[in-house]
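Hi,

Here is the structure I promised to send over.

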Amino acid sequence: MGAINAVTGLSVEDGIAIVTINYPPVNALSHAVREGIVNGLQQAIADAAVKAVVLICDGRTFMAGADITEFGKPPKAPWLPEVIEAIENSNKPVIAAIHGTALGGGLEVALGCHYRVAVPAAKCGLPEVHLGLLPGAGGTQRLPRIVGPEKALEMVTSGAHVDAKTSHAAGLIDELVPEGQLRAGAIAYAKKVVAENRPLKKVRDLNDKVEAARSKPEIFADFRKANARKFRGFLAPEYNIRCIEAAVNLPFDEGIKTERKLFQELMGGVQSAAQRYVFFAERQVWKVPDIGDDVQTLPIAKVGVIGAGTMGGGIAMNFANAGIPVTIVETKQEALDRGLGVIRKNYETTAKRGKLKPEDVEKRVGLLTGTLELEKLADCDLIIEAVFENMAVKKEVFGKLDKIAKPGAILASNTSYLDVNEIASATTRPEWVIGLHFFSPANVMRLLEVVRGEKTSKQVVATSMQLAKKIGKIAVLVGVCHGFVGNRMLAARQSQAQAMLVEGAMPWDVDKPLYEFGMPMGPFAMGDLAGLDIGWSKETSTSSTVREVLCELDRRGQKTGAGFYDYDEQRNAKPSPVTEKIVKEFAAKAGVTPRQISEQEILERSLYPMINEGAKILEEKIALRPSDIDIVWINGYGWPVYRGGPMFYADTVGLANVVAKLKEYAPKLGADFTISPLLEQLAAAGKRFQDLK
Ligand code: 3HC
Ligand code: NAI
């Protein structure tokens, strides 16, 4: 094979030119790849012996898209649309040979080819929406011309990877070739195209499907309506829809202009910057500087969970879902039965929704064994404690575990706030102890805070991170402090929410700007959902907070039909006169004249103290990097991904602005409020959290 450039090879077999891209790890369409394709194609066209061209990739995948690392840098010719135009205008048929994933710009290149063949394991998709973008190299104009506008809308707004069989049925793939025989299959297909003198099929010229939709604007209206909740706050889905609309209503070249304009708008905007940042942050989070590949991970074949309450049950489900047997320990048969019953019910609900096969319900439940004897955990490789949040109880459990667990077993606590070092001190093997902080509901939420104790061994950390991946979580490594990263920052927000109640804001006044900012709900709605009685008891209640008084009135949140809000049968919330009265009484008792607090103040006082706490977390090295904090907030608390997490958001506001506001609000932020020196230093130097290396 001759070399076109460092990443592209060209060979000719029986009149078929094969242009091969080799740019690990994912053959992203970097400048060299784009240049390689164009030059390879030109040579093939110039060679009279060549009758058709196959475009194929080495390594694990077909091109997985534009090279995201080049975004934001000055574009270098040939740029992607030119590459695709060159392919489409070739006077010899070009056939894309797809394996792995043809994504984004990669699929757009394939759509520029005259024909596409793929192996059955291949997948196609336009995932740009996840980067806050739209397919910017003709994808929004070509895709609906093949699969029709409805399917195209679904693909561009979901970013889903569509399997080869479905792609074939939709006309996106012309022929499936046997697994492992892509090259030979593609060459054979190319020969067939030549032998049958098939036309140079240009997707841009296929108009019947878009024309058929021209008189049906309801396609778009209905789609927008059906997805309004899902797309709330995001720009990219709407822009993608507009492009498909343009494909339907405008000639191809006009549609391309619309696509380009909207693409550039998104690319220059803060949402896409945030989502691209998150793409890399999600990959960086797994990298632990002092733990290299030389640290061997331990096999985890059997797991123990202590406590079958809210968390224990959900935690156990994660492992059963991954095919790992779990032994669950409780203190009383009744609690055990209840816990196991909830798990079964959860699986059955999933099955009823068609998301799990009935036989899988039994398979998963069959992997769970309940017991009242801690001794039954003797052969577990990992034991996760999820008992009451009480240090004495946890230490007692770990003391017992120390005597029961086999050597080499990982002993983990799901504590939300407690000192993992102190828990570890109850054992003779603190290097085997770690925090694995799942979020509720533990079988659903993606986040896992992996809490590294002072003495936790590297092997235990590495195994925990690897295991998190296996059970489909995103793990963030954090250090020991009260509440770790997520709950510690949450506490800063909660204390402001409480303070603003006393100053004159109602719970719904506080919740509104946070919801509009993009959070799934504000702090008071969240309290109602979780239950206001967590950690509350009638016997010890002292009527000293609004929450306590609400609980005393049996307004314990959504589950009792009332909390901060009143709820109807469908659990729709509405402001409550009862709560309003209580809040006003508290303000009067505190001698405060209620004032109207602006939405801007509510937002800033909710978010900036959190950012300040995040900076302290970095100073104390509780988190490895600002982007790890952002991953915690996006995946554990529903921070809108298009705002990139609290630390990224602070960068967009400007750290000097954050500091100035914190100083302005300081008298209201509580007696023990202090500004993080790190935040002040960065602000003074005109730097961002992202500049911290
Ligand atoms: N550009 C640059 N680097 C990329 C990349 C891309 N498009 N896609 C992946 N990478 C990098 C990752 O950052 C990672 O780097 P690291 O090893 O240094 O952390 C490495 O490739 C491997 O990626 P993953 O860890 O994600 O590997 P997986 O095997 O788990 O997944 C994948 C492979 C499914 C291809 C996944 O990487 C992926 O989804 N990539 C992004 C695809 C995408 O969004 N494409 C659209 C790009 S935008 C576009 O094309 C615009 C156009 O329309 C104009
Ligand atoms: P829960 O009260 O629902 O469940 C605790 C269970 O542990 C009870 O069923 C109890 O019978 C059992 N238990 C108590 N002592 C035991 C022992 N010695 N041996 C065996 N079982 C015992 O509590 P929840 O909410 O599940 O919390 C458990 C832990 O998870 C706590 O540390 C909590 O802070 C933490 N957590 C809770 C979250 C939540 O949202 N509920 C989120 C993340 C962590």
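Sorted by class, the residues around ligand 2 come out as 8 nonpolar, 9 polar and 3 charged. Before you go further, keep in mind that this is a predicted model. The shell around ligand 2 holds 20 residues, and the closest are Met-311, Glu-330, Glu-389, Lys-394 and Ser-416.

For polar contacts to ligand 2, start with the backbone. A backbone N or O atom of Met-311 sits 2.8 Å from an oxygen atom of the ligand, and a polar backbone atom of Thr-310 is 2.9 Å from an oxygen atom of ligand 2. From the side chains, Asn-414 brings a polar atom to 2.9 Å from an oxygen atom of ligand 2. On its own, ligand 2 has 830 Å² of accessible area, and the protein covers 77% of that. Which elements give two or more residues to this shell? They are helix H14 (310-321), helix H17 (391-404) and strand E16.

E16 deserves a paragraph of its own. With strand E17 (residues 447-451) the pairing is antiparallel, through 4 bridges, and here Leu-436 of E16 faces Val-450.

Now the other ligand. Ligand 1 is surrounded by 24 residues, with Arg-60, Ala-66, Glu-108, Glu-128 and Arg-283 the closest. By class, that shell splits into 13 nonpolar, 5 polar and 6 charged residues.

- Glu-108: an N or O atom of the side chain is 2.7 Å from an oxygen atom of ligand 1.
- Arg-283: an N or O atom of the side chain is 2.8 Å from an oxygen atom of ligand 1.
- Ile-68: a backbone N or O atom lies 2.9 Å from a nitrogen atom of ligand 1.

How much of ligand 1 does the protein bury? Taken alone, the ligand exposes 990 Å², and 73% of that is buried by the protein. Strand E6 (101-103), helix H3 (105-112) and helix H13 (270-284) are the elements that give two or more residues to the shell around ligand 1. H13 gives the most, with 3 residues.

A second pair to look at is Trp-633 with Tyr-637. Their ring centres are 4.2 Å apart and their planes are at 20 degrees, so the pair is stacked. Both residues are in helix H26 (residues 626-637), 4 residues apart, which is about one turn of the helix. An α-helix has 3.6 residues a turn, so residues three or four places apart point the same way. Both Trp-633 and Tyr-637 are buried. They also belong to a cluster linked by ring pairs, together with Phe-439, Phe-517, Trp-639 and Tyr-649.

One last item, away from the ligands in these notes. In helix H5 (residues 149-158), the buried residues are Pro-149, Ala-152, Leu-153, Met-155, Val-156 and Thr-157. H5 is followed by Gly-159, which has a positive phi, near 70 degrees.

That's the lot from me.

Cheers

Conventions: Residues numbered from 1 in each chain as written. Chains lettered and ligands numbered in written order. Predicted model: local features only at pLDDT ≥ 70, side-chain atom pairs only at ≥ 80, totals over all residues. Heavy atoms only, no water. Near = heavy atom within 4 Å. Polar contact = N/O pair within 3.5 Å; in protein donor to acceptor, adjacent residues only side chain to side chain. Areas by Shrake-Rupley, 256 points an atom, 1.4 Å probe, with all protein chains shown as cover. Nonpolar A, V, L, I, M, F, W, Y, C, P; charged D, E, K, R; others polar. Pairing = 2+ DSSP bridges. Buried < 20%, exposed > 50% of the residue type's maximum accessible area, 1.4 Å probe, protein only. Phe/Tyr/Trp six-rings, centres within 6.5 Å; stacked < 30°, edge-to-face > 60°.
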